Amino acid sequence: MSEESISIAYDHPVEGDEGSCSTAQSWAKKPREPNPEEKAELIARIKRLLQEQDAVLVAHYYVHPDLQDLAEATGGMVSDSLDMANFGYQHPAKTIVVAGVRFMGETAKILNPEKRVLMPDLEAECSLDLGCPADEFAAFCDAHPDRTVVVYANTSAAVKARADWMVTSSIALPIVKYLHEQGQKILWAPDRHLGAYVQEQTGADMLLWQGSCVVHDEFKMQELIELKALYPRAKVLVHPESPRAVVQLADVVGSTTQLIKATQTLDAHEFIVATDNGILHKMRTLAPDKIFLEAPTAGYGANCTSCNHCPWMAMNGLFGVAEVLESGKNEIHVDPEVGKLAKVSIQRMLDFAKQINLPTRGIGNA
């Protein structure tokens, strides 16, 4: 695969200042796309390897359509990160291949410690995860011992291990509402936009870590207003990791699964979608007669880092899946003690979902 890479700026909280961020830098590789002959050969090879190695492929909604289609064609699944991990737990396969970003592989390993978890590229990161280092987050928690720690799924195993609760975007509101009603004050991490949305909707006392997603943070209010004027009948679907001004323009605010469901239930033919454009493949597959437009990420003539697609999700490809199945490399390892602690925060969420009769399938995050 090509070693061409791009530099990515992401938020990192300023030391000693809980209300602002500095800019940190990371990078992502740009994998080579197979030509049609290579693609056919790779798909056939991966199907054979999955069968030979008692493995199942799970893919996130944001990865390349080839991987989404291959996962479903081979008995795997396409969904959000928690569904991917739960599916791996329920599936009898001894190996789980996770096409996504690193925290998704870690979550799969936390819920499936006895299974082998492989990823096409271990350097496929997440700006929310990178912007919330475990040691700095632990110090932040220690400085506010009176607060219940609630973390978003887009975090490392070590951060989840420090939390009281893990939440996803579709269950964050009921969990925080419940904690607020119990009189608890919240320490929230890492996404400030999602945290502010939850705070506004619940009225909870929330102290927010100042992270953001490099994709959702770029959606722009003014340009979205202009696009809505061009398509006045379109419904606007927004993931709550987006800035408040963009969320306020939404007809539906929700997780990836909730946004996909909205395209099937709303009486509309056109949709403007403010989340990673990888989701459009599933939307178009389920509703081929409808029109899906990407929400704008910048003004006219401007450049953007992600342009509606996570550069780390883009690191997943057919070449990488075939390579890890053949070599066994890129295995995810989570310290057993860290994994046990992290599972407590995840299980607390799953138990709460059952209590409020929310199906555990489809409560996932980005």
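At 7% relative accessibility, phenylalanine 352 counts as buried, where buried means under 20% relative accessible area, exposed means over 50%, and partly exposed lies in between, as found with a 1.4 Å probe on protein chains only. The model is predicted, so that local features need pLDDT of at least 70 and side-chain atom pairs count only at pLDDT 80 or more, while totals for chains, interfaces and linings use all residues. Residues are numbered from 1 along each chain as its sequence is written, and side-chain values use heavy atoms, with hydrogens and water left out.

Phenylalanine 352 takes part in one of the 6 aromatic pairs that the structure holds. Rings of Phe, Tyr and Trp (its six-membered ring) pair if their centres lie within 6.5 Å, and the pair counts as stacked with planes under 30 degrees apart, as edge-to-face over 60, and as tilted for the rest. The partner of phenylalanine 352 is tyrosine 178, and this pair is tilted, with 5.3 Å from centre to centre and 50° between the planes. Helices (H or I, at least four residues) and strands (E, at least two) are DSSP runs, numbered from the N terminus. Tyrosine 178 is partly exposed, with a relative accessible area of 32%.

A stacked pair is formed by phenylalanine 271 and phenylalanine 292, whose centres are 5.6 Å apart and whose planes make an angle of 15°. This pair, too, links distant parts of the chain, with phenylalanine 271 in strand β13 (residues 270-274) and phenylalanine 292 in strand β14 (residues 291-294), 21 residues apart. Phenylalanine 271 is buried at a relative accessible area of 0%, and phenylalanine 292 is buried at 6%. Elsewhere, ring pairs link Phe137, Phe140 and Trp209 into a cluster.

An open sheet is formed by 4 strands in the order β8-β7-β9-β10, with parallel pairing; two strands pair if DSSP finds at least two bridges between them. The strands β8 (165-167) and β10 (206-208) stand at the edges with a single partner strand each, so one side of each is left without a neighbour in the sheet. Neighbouring strands of this sheet are turned against each other by 25° on average, direction ignored, where axes are lines fitted to C-alpha atoms, for helices over the stretch in contact, and angles run from 0 to 180 degrees between N-to-C directions. Strand β9 (residues 186-189) is joined to β10 by 3 bridges, the two running parallel, and isoleucine 186 stands opposite methionine 206 in β10. Helix α6 (residues 134-142) lies across β7 (148-152), β9 and β10, and runs at about 165° to β9.

In helix α3 (residues 81-90), 8 of the 10 residues are buried, so the helix is largely enclosed by the rest of the structure. Among these buried residues are Leu82, Asp83, Met84 and Phe87. The buried residues of α3 pack against β3 (55-60), β4 (77-79), β5 (95-99), α4, β8 and α15, where contact means heavy atoms within 4.5 Å.

A search of the whole structure finds 2 cavities of 30 Å³ or more, and the largest cavity has a volume of about 160 Å³. On a 1 Å grid over the protein atoms alone, a cavity is a set of points where a 1.4 Å probe fits but cannot get out, and lining residues have an atom within 4 Å of a point; grid points are joined across faces, edges and corners, and a volume is the space filled by probe spheres set on the points. Of the 19 residues that line the largest cavity, Tyr62, Cys126, Asn154, Cys213 and Cys310 are the closest to its centre. Helices α4 (102-111) and α5 (127-130) each supply at least two residues of this lining.

Some loops show backbone features of note. The peptide bond from alanine 189 to proline 190 is cis, with omega near -5°, and proline 190 is found in the loop between β9 and α9 (192-202). Aspartate 54, a residue other than glycine, has a positive phi near 50°; aspartate 54 is in the loop between α1 (36-52) and β3.

Notes:
On a 1 Å grid over the protein atoms alone, a cavity is a set of points where a 1.4 Å probe fits but cannot get out, and a pocket is an open set with protein on both sides within 12 Å along at least five of seven lines; lining residues have an atom within 4 Å of a point.
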